Amino acid sequence: MIHNFLRYVVYSVVAFFSFSSAFASGKQAAEGEIDVKEIVLGHLGDAYEWHFFATENVEGTIPLPCIVRDEETHEWKVFMSSKIHEAMEHGEANYQGFYFNEERNGKIYQQLSDGTSVRPLDFSITKNVSQILLTSLILIVVFLGCARWAKGHNSKEDAPGGFVGMMEALVMYLVNDLIKPCVGEKHYRPFVPYLLTVFFFILVSNLLGLVPGGANVTGNINITFFLAFCTMLAINLSGNKEYWKEIFWPDVPVMLKFYPIAIMPVIEMFGIISKPFALMVRLFANMMAGHAIILSFLAIIFVTCAMGGWMSYVVGGGMTIMSFVMILFMNFLECLVAFVQAYVFTLLSAVFIGLSHPVHEHKA
Amino acid sequence: MNLPGMLTPDIGLIFWMALAFIIVLLILAKFGFPAIIKMVEERQQFISESLTNARKANEELASIQAKGEKILCEAREEQAKIVKDAMATRDAMIKEAKAKASAEGEKLLQEAKAQIQVEKENALREIRSQVAELSIQIAEQLVMEQLKDDYKQETYINSLLDKIEK
């Protein structure tokens, strides 16, 4: 029964996709070649509005507030991003000097009075920022909800079920099976909130990024840079004497660490940077790649359908079905990756923090 | 150099990320995770305490059962002993009673014998006195018969007197 129903759903969706894409291709073909690179990079990048869909008449777009500093007067300006679009539609080159520089990923640039254009200080609530705020809101609601449940019940009488139980199981799994063994039984407690927050922040961001229309937050180097930077602070600010001794005065011959070739401290200093750098790049590359693959498969549909002529219906239809299957597969895979990457980031952060509290084990 | 959007450094994005992340971290570190972890740890402690208590209770129960068994055993032994004692007492009593009864019987027999002896003597005495009386009466009758005439009386008296004189 369910099997038949699922098959029906899949057939309908595939049929819908093939027809609609073939239909869309007619329009696209008329307008010219499809720039796959621009589509993919555009969707991976940030934006000043939340764009869902666009037809000829309706724009499914939510404009977001721009907060920029006027580089001439040093005044802060707040306006909706739609203002710039409106100004451009009315034939003006910019709105109060601000315009989207398509050569610089559509970022807001300011046209100065001397004719040059500069990038102003830009604290706009972009698509990524709004998704970060949404993620924060989800985290706060979920965990304060769980904490509220915990406050309202006697721990000796009730055990949570349902969603609270699931979150509790997840939190305790991370604490007991990841943070405690990786950081070390002795020092793990102060790092629990940070590592849990990192995990759930990345997880929720990843999952929201998979929702159609979701922003590519964890696939943005700025976000992973910040998270890796936090981990670097956690590693180095909590490092004990042993840790710093290992860096500046490791157990190697003196000539390797002091004179004439003081190479060990250099290598160790490099290690300080490379550990969080690896974290930053790993998360960024994994999430970005996953999104890029899904978007590329989507683009295949439009590319093949845009070939024009009767071929576009045959090849386009075939490729649509194939792409759809691949996208489905990739989405399932990305659900797994969303969890795995959050897990790996937390795991490695925990391991690195654990390494900054070495236990006396050398010189047995 | 024109990097793709997701590779371009963006102060604004980092600023908002930092702000949001730090606020979330502070709120959750203060109110979120500790409450959940505390609840679980309390429950774990409670469960392990309960297990310990259950084990203790089991052990106690086992020891109580053993004690009960022991008490029962002792009671049985006691009972057996009491029964044995009672039987011994009974036997002794029966024996004593028998001895007493036989002694009593003997005594009664003796008394009866003595009584019979006395009765016999009494009877003999009575018989003797009766016999004497009867003999006297018979003798009287005889004498009366013999001494019916005066002569005979005289002769007899004389003979008697003769005897006395002798």
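**The packing around Leu195(A)**

A: Leaving aside residues up to four places away in sequence, Leu195(A) touches Ile179(A), Thr346(A), Ser349(A) and Ala350(A). The model in which these contacts occur is predicted. For the complex, the predictor reports an ipTM of 0.83 and a pTM of 0.74. Chain B has an average pLDDT of 87, and 99% of its residues score at least 70.

Leu195(A) and Ile179(A) are both among the residues with the most contacts inside the largest nonpolar core, as are Phe191(A), Phe199(A) and Ile36(B). That core has 66 residues. At least two of its residues come from each of α4, α5, α6, α7, α10 (263-305) and α11 of chain A, and likewise from α1 (11-146) of chain B. In soluble globular proteins, nonpolar side chains tend to be buried together. Another core lies apart from the largest one and has 13 residues, including Leu295(A), Phe302(A), Met319(A) and Phe324(A).

Two of the residues touched by Leu195(A), namely Ile179(A) and Ala350(A), also take part in the contact of α5(A) with α11(A). Two packed helices are described by the angle between their axes and the distance between the axes. For α5(A) and helix α11 (residues 309-355) of chain A, the axes come within 7 Å and cross at roughly 35°. On the α5(A) side, the residues are Leu174(A), Leu178(A), Ile179(A), Cys182(A) and Val183(A). They meet Thr346(A), Leu347(A), Ala350(A), Val351(A), Ile353(A) and Gly354(A) of α11(A). By type, the residues of this contact comprise nine nonpolar, two polar and no charged.

Elsewhere in helix α11 of chain A lies Ile321(A). Is this residue, Ile321(A), buried or partly exposed? Ile321(A) counts as partly exposed because 16 other C-beta atoms lie within 10 Å, whereas a buried residue needs 20 or more. Its C-alpha atom is separated by 33 Å from that of Ile221(A), a residue 100 positions away along the chain.

Of the 364 residues of chain A, 35% count as buried. Among contacts in chain A with a separation of 6 or more, 65% join residues 24 or more positions apart. The domain assignment of chain A gives domain 1 (65-124) and domain 2 (127-355), and the centres of the two, taken over C-alpha atoms, are separated by 33 Å.

His74(A) is exposed because 9 other C-beta atoms lie within 10 Å, and exposed residues have 12 or fewer. The phi of His74(A) is near 55°, a positive value in a residue other than glycine.

Key:
Residues are numbered from 1 along each chain as its sequence is written. Chains are lettered from A and ligands numbered from 1 in the order in which they are written. This is a predicted model: local features need pLDDT of at least 70, side-chain atom pairs count only at pLDDT 80 or more; totals for chains, interfaces and linings use all residues. Domain bounds come from an automatic or database domain assignment. pLDDT is the predictor's confidence in each residue, from 0 to 100. Axes are lines fitted to C-alpha atoms, for helices over the stretch in contact, and angles run from 0 to 180 degrees between N-to-C directions. Helices (H or I, at least four residues) and strands (E, at least two) are DSSP runs, numbered from the N terminus. Two residues are in contact if their C-beta atoms, placed from the backbone, lie within 7 Å. Ala, Val, Leu, Ile, Met, Phe, Trp, Tyr, Cys and Pro count as nonpolar, Asp, Glu, Lys and Arg as charged, and the others, Gly among them, as polar. A nonpolar core is a set of buried Ala, Val, Leu, Ile, Met, Phe, Trp, Tyr and Cys residues joined through C-beta atoms within 7 Å.
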